[in-house]
Amino acid sequence: GTGDIWDKGSGVGESYAVNFPLKDGIDDESYQDIFVPVVNKVMEVFRPSAIVLQCGADSLAQDRLGCFNLTTRGHANCVSFVKSFNVPTLVLGGGGYNIRSVARCWVNETATVLGQELDTRIPYNDYWEYFAPDYNLHVEKTQMENANSKMYLEKLRIKIMENLRSLNAAPSVQMQEMPPTTYDSDFASEDDFDPDERRLQAEMDARQDPREMFDDENDQGFEGMAR
């Protein structure tokens with residue numbers, strides 16, 4: 001969602017994290033187009049024996065703080081896809097700042113995990129009026145513009161696949177030696193600090209890699225690529 005494509009871990013953990021920075025308004029179709037291939041590759045590379053899946057609802061349309069435009073159906077499709085790998089999975093809730101949408105989302109995804117199909121009409125209950133006027137289980141997308149072009153998403157997808165290919169085997173398999181990182185020699189490592197000492201703000205700032213400070217499309221490492 002947020003962050004930078006270069007947020008992929010550091011030191012011995014470099015390339016063990018994947019981040020896909022998205023712009024405002026991404027919808028179900030665009031999200032599915034990147035979620036499926038990236039998660040497929042992650043599963044291929046890491047071969048996890050268990051998954052912890054956090055289902056944050058702030059990516060839904062109509063969220064008070066979120067800026068995406070997903071429906072509850074599109075959100076649940078991601079859960080279904082992860083479930084299809086048949087790996088033991090712990091499913092958690094997460095962010096969400098529209099209480100009506102959060103309730104809808106987690107009920108729907110609980111049903112998805114259990115393989116149950118729910119009626120789209122919310123049955124009468126003590127909180128029924130919260131879901132007026134349509135009393136519908138699902139959150140639909142709005143007219144928000146999708147600022148994520150197909151070209152932008154494809155460029156990021158390609159770069160993330162390259163990052164994942166830098167891991168030549170699953171973590172449980174013997175790894176080949178990786179080339180050294182390109183961080184500046186004066187870049188402060190987490191191990192350089194005493195956890196019991198208060199750090200100056202300047203020391204905290206020194207821990208930031210300059211590449212983390214960009215969020216524009218041209219700052220994702222693609223400025224030299226043809227459009």
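The residues that line the largest cavity divide into four nonpolar, two polar and two charged, where Ala, Val, Leu, Ile, Met, Phe, Trp, Tyr, Cys and Pro count as nonpolar, Asp, Glu, Lys and Arg as charged, and the others, Gly among them, as polar. Those lining residues are I5, D7, K8, A17, V18, N19, I160 and N163. By cavity I mean a set of points, on a 1 Å grid over the protein atoms alone, where a 1.4 Å probe fits but cannot get out, and a lining residue has an atom within 4 Å of such a point. The largest cavity holds about 30 Å³ of space, and the structure has one cavity of 30 Å³ or more; grid points are joined across faces, edges and corners, and the volume is the space filled by probe spheres set on the points.

Please keep in mind that this is a predicted model, in which local features need pLDDT of at least 70 and side-chain atom pairs count only at pLDDT 80 or more, while totals for chains, interfaces and linings use all residues. Residues are numbered from 1 along each chain as its sequence is written, and side-chain values use heavy atoms, with hydrogens and water left out.

Now to the chain as a whole. Its secondary structure comes to five helices and two strands, in the pattern α-β-α-β-α-α-α along the sequence; helices (H or I, at least four residues) and strands (E, at least two) are DSSP runs, numbered from the N terminus. Of the 227 residues in the chain, 34% are buried, meaning under 20% relative accessible area with a 1.4 Å probe and protein chains only, whereas exposed means over 50% and partly exposed lies in between.

Let us look at helix α1. Its 19 residues should span 27 Å at 1.5 Å a residue, and because its end C-alpha atoms are 26 Å apart, the two values agree; the expected span is 1.5 Å times one less than the number of residues. The buried residues of α1, including S30, I34, F35 and V38, pack against β1 (51–54), α2 and α4. Just after α1, R47 takes a positive phi of about 45°.

Helix α3 (residues 99–114) has 16 residues and reaches 23 Å from its first C-alpha to its last, close to the 22 Å expected. Among its buried residues are S101, V102, C105 and N108, and what covers the buried residues of α3 includes α2 (72–83). Is N108, then, buried or exposed? N108 counts as buried because its relative accessibility is 9%. Leaving aside neighbours within four places in sequence, N108 is in contact (heavy atoms within 4.5 Å) with T72, A76, L137 and H138. Just after α3, G115 takes a positive phi of about 75°.

Finally, the cores. In soluble globular proteins, nonpolar side chains tend to be buried together. A nonpolar core here is a set of buried Ala, Val, Leu, Ile, Met, Phe, Trp, Tyr and Cys residues joined through side-chain atoms within 4.5 Å. The largest has 21 residues, and those with the most contacts inside it are F20, L22, I26, I34, L153 and I160. The elements that give two or more residues to this core are α1 (28–46), α3 and α4 (150–165), and the largest share, six residues, comes from α4. Apart from this core lies another, of eleven residues, among them F35, M43, C78 and V87.

Methods:
On a 1 Å grid over the protein atoms alone, a cavity is a set of points where a 1.4 Å probe fits but cannot get out, and a pocket is an open set with protein on both sides within 12 Å along at least five of seven lines; lining residues have an atom within 4 Å of a point.
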